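Subject: Structure handover and notes

Dear colleague,

I am passing on the structure we spoke about, together with some notes on it.

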Amino acid sequence: SMQSQIHELAKTLPPPRSHPCFLPFRRGHSSCDNCRSRKVKCHRIPGQEKCQHCLSKNYSCTFVHFVQQATSERKRNSTTARRSRNPSSVPISPITDNGVQNTSPYVMPSGPTLSLVVKYGFYPPITLDTPTRDVLSYLFAPPEDGSSDPNLFNPGRPKSPYAAWGDQALKLEDDVFKSELAFDLMEIYFQIVHSRLPLLNPTQFRNRLRTSLSSNPGTEKPLHPALVATVLAWGTKFSEHPLLIADRQCHNGQSLISKAMINRTRDLAEALKVHRIPNQDHVVIGLLVETLQSQNPDDPSAFHGFWLTAATRHLLDLQINHKSVAAQIPDTEARGTLIFAWWMACICDAYSSLYYRHKPVLDDDDYDIDFYTADPQLSSDGAAPSPREQLEFLGYYRAAHSLARTARQMSRQLWRPITDADGISFETLRTFASALRIWREKYLARVGVPKNYNAGWDFVATVSCFASDAQYHVMWIVLFNALDEFGVKELNENDRSGSPPENVQNRGYIEDAMRRVGEEALNGALRIAALTQVLSANEYLKLDPAVVEFHIIAAGHLLARFGRPEVATCIDGLKQYSHSYEEAGEHAQDIRKTYEQVRNSGVDLNHMAALVKQIAAFPTTTTEPEILPGGHEPMSPSVLGSFQMNGMSSTGILMDVDEETTAFVAAHKNEVCAFQSSRA
């Protein structure tokens, strides 16, 4: 019949457009209504109108929910497409009758606001061509959380978005004030940080920043935004600007502005791919950001070692480790900066691997480049040489690199899994102890703090010799800690086998070597404590860019584990350090807790516990260095001006470490007597 023919013809027609095969495929929404309601997998064989589940249950296989959802999505998409595409999220202020825009400085935009990274780092984008004024707008933008302290303003007055940063932060709404603050922070950087990390040309940077922020910036390409952010973030750590002082007073000595600047600097560096693209600016930024952030390796937000590794790999990509390539760089300023950056990265990589127990990036045979060399004579106009030139003339780079090679070898041997399991072999222990003593005889008298210290030394020479002195002594502390934690391999094997102690060959020599390491480590900790006392008395630790922070922490922990009252010097030094590095205050609290536990429960040692009684209370294994014949006196005039040192003897000489510690212990006589009685 005609009806039967129509029915058969209908079977050959394509399915309706509402069938799932005609709708956009979405993996999570292709189940039929029955399978969706029962939360089971919808398996449909191509060509069949029903899925296997509906066939088996003789259900009607429908897709009403899926069709409605797809239709709703298409409607939403079409509605969004018809909306205005203006990216600005700030509402337009109404215009008054006199033609003046009516603005309110404290009205926050309604609705959800974008984070600063999205607004400034990605859209609208900050690129290498972005004007420096726009970069300052990002860096000095209000806190992202928008929180305000109600006590800072009258309840009836609208709250400022800057209120969380103190009562002076309202001035950041003025562009002129932002520029003035940027100049102030830049000068702080060059006065304090540049003397320790001379990676920039001060004259060039100052001129380019002033030009970029002037009313007529010209056509010159602006400074790298991340480099500007890094320099200004450093300045916030040490600046005594009224804005920063008010911020610290509101937050127990910590600056929220500085923390925000550091976070925004890292975000900006990541957005501009500083860690991915090798060039000179990115090398400098990476090295400066690494020491700018928290030095606590357990801080999840710091990405400890990330920027140092990125800068090191950039230098390798640029082949600065090849003498032939570095010599062909035509610009002498760029060549000097990259060569200095290479040695800074090389030395920091070695020390960081030893301090924080990871494998170094570089090996001894990864480079053949010469040291940065400079003529020690003054320039024709009588100006003082740069900090970089002074340090090279005094031999600090060569001494630091020699000790860094030992540090690199120690990290590769001490932090291996096999060493953790078996212990340190006696031969390895002797090798490292010998290398450290050789360095002491060759370099310490030249780059350390001698007994005839001259208070007229300039700032660069003073802080550098203090850091070099502490650097050597902390190496013994690291070796002692590893020895106490892992033990000596030969002794461990004998103990595991259950053999009598006398079965160990050369046991007397092994124990004597362990005792000597203990004496050197304790002497080093006392020496660092004495140096810390001098630096603290002059409040120099407030101005130190984390160069000796680890040394003071390591010395403090060792003195605390020995129950020595001299630990108070390290605790006070770390409290002063916390002015710029918050984690230093946390370390000070941990050291104090360890000291109190030891005073109540005894010395906190493992493999070295049996030998601690053989270590003298005031070991003198390491003699005080004198300036050897032919050695160089530090140069003047001063980079930051002359200064007077506290903690000196009546003759103006830096106190001997034994005199320093003896004078300190005299105030804790009862504690020392109790400590010695507990060891007897």
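Predicted model: local features only at pLDDT ≥ 70, side-chain atom pairs only at ≥ 80, totals over all residues.

The chain has 27 helices and zero strands, and of its 680 residues 47% are buried. Among contacts between residues at least 6 apart in sequence, 73% join residues that are at least 24 apart.

Helix 15 and helix 17

Two packed helices are described by the angle between their axes and the distance between the axes. For helix 15 (residues 332-355) and helix 17 (residues 396-414), the angle is about 35 degrees and the axes are 7 Å apart, and the crossing of the two is left-handed. On the side of helix 15 the contact involves Phe340, Trp343, Cys346, Ile347, Ala350, Tyr351, Ser353 and Leu354, and these meet residues of helix 17 that include Tyr397, His401, Arg408 and Leu414. Sorted by class, the residues of this contact are 14 nonpolar, three polar and one charged.

Apart from neighbours within four places in sequence, Tyr351 is in contact with Ala400, Leu403, Ala404, Ala407 and Gln471. The C-alpha atoms of Tyr351 and Thr406 are 9.4 Å apart, although 55 residues separate the two in sequence. Tyr351 also belongs to a cluster, linked by ring pairs, whose other members are Tyr355, Tyr356 and Phe550.

Helix 19 and helix 22

The second contact is between helix 19 (residues 426-447) and helix 22 (residues 507-537), which pack at an angle of about 40 degrees with their axes 11 Å apart. At that angle, helix 19 is oblique to helix 22, and helix 19 passes helix 22 in a left-handed crossing. Helix 19 contributes Phe426, Leu429, Arg437 and Arg440 to the contact, while helix 22 contributes Tyr509, Ile510, Ala513, Met514, Arg516, Val517 and Glu520. Seven of the residues in this contact are nonpolar and four are charged, with no polar residue among them.

Aromatic pairs

Over the whole structure, a search finds 17 aromatic pairs, and I describe two of them here. One is formed by Phe306 and Trp307, whose ring centres are 5.0 Å apart and whose planes are at 85 degrees, an edge-to-face pair. Within this pair, Phe306 is partly exposed at a relative accessible area of 34%, whereas Trp307 is buried at 1%.

What kind of pair do the rings of Trp439 and Tyr472 form? Their centres are 5.5 Å apart and their planes are at 15 degrees, so this pair is stacked, the limit for stacked being under 30 degrees. Since Trp439 lies in helix 19 and Tyr472 in helix 20 (residues 459-486), the pair ties together parts that are 33 residues apart in sequence. Trp439 counts as buried, with a relative accessibility of 4%, and Tyr472 counts as buried too, with a value of 0%.

Terms used:
Residues numbered from 1 in each chain as written. Heavy atoms only, no water. Axes fitted to C-alpha atoms, helices over the stretch in contact; angles between N-to-C directions. Helix = DSSP H or I, 4+ residues; strand = E, 2+ residues; numbered from the N terminus. Parallel < 35°, antiparallel > 145°, perpendicular 65-115°, else oblique. Left-handed = near helix turned anticlockwise from the far one by under 90°. Contact = heavy atoms within 4.5 Å. Nonpolar A, V, L, I, M, F, W, Y, C, P; charged D, E, K, R; others polar. Phe/Tyr/Trp six-rings, centres within 6.5 Å; stacked < 30°, edge-to-face > 60°. Buried < 20%, exposed > 50% of the residue type's maximum accessible area, 1.4 Å probe, protein only.
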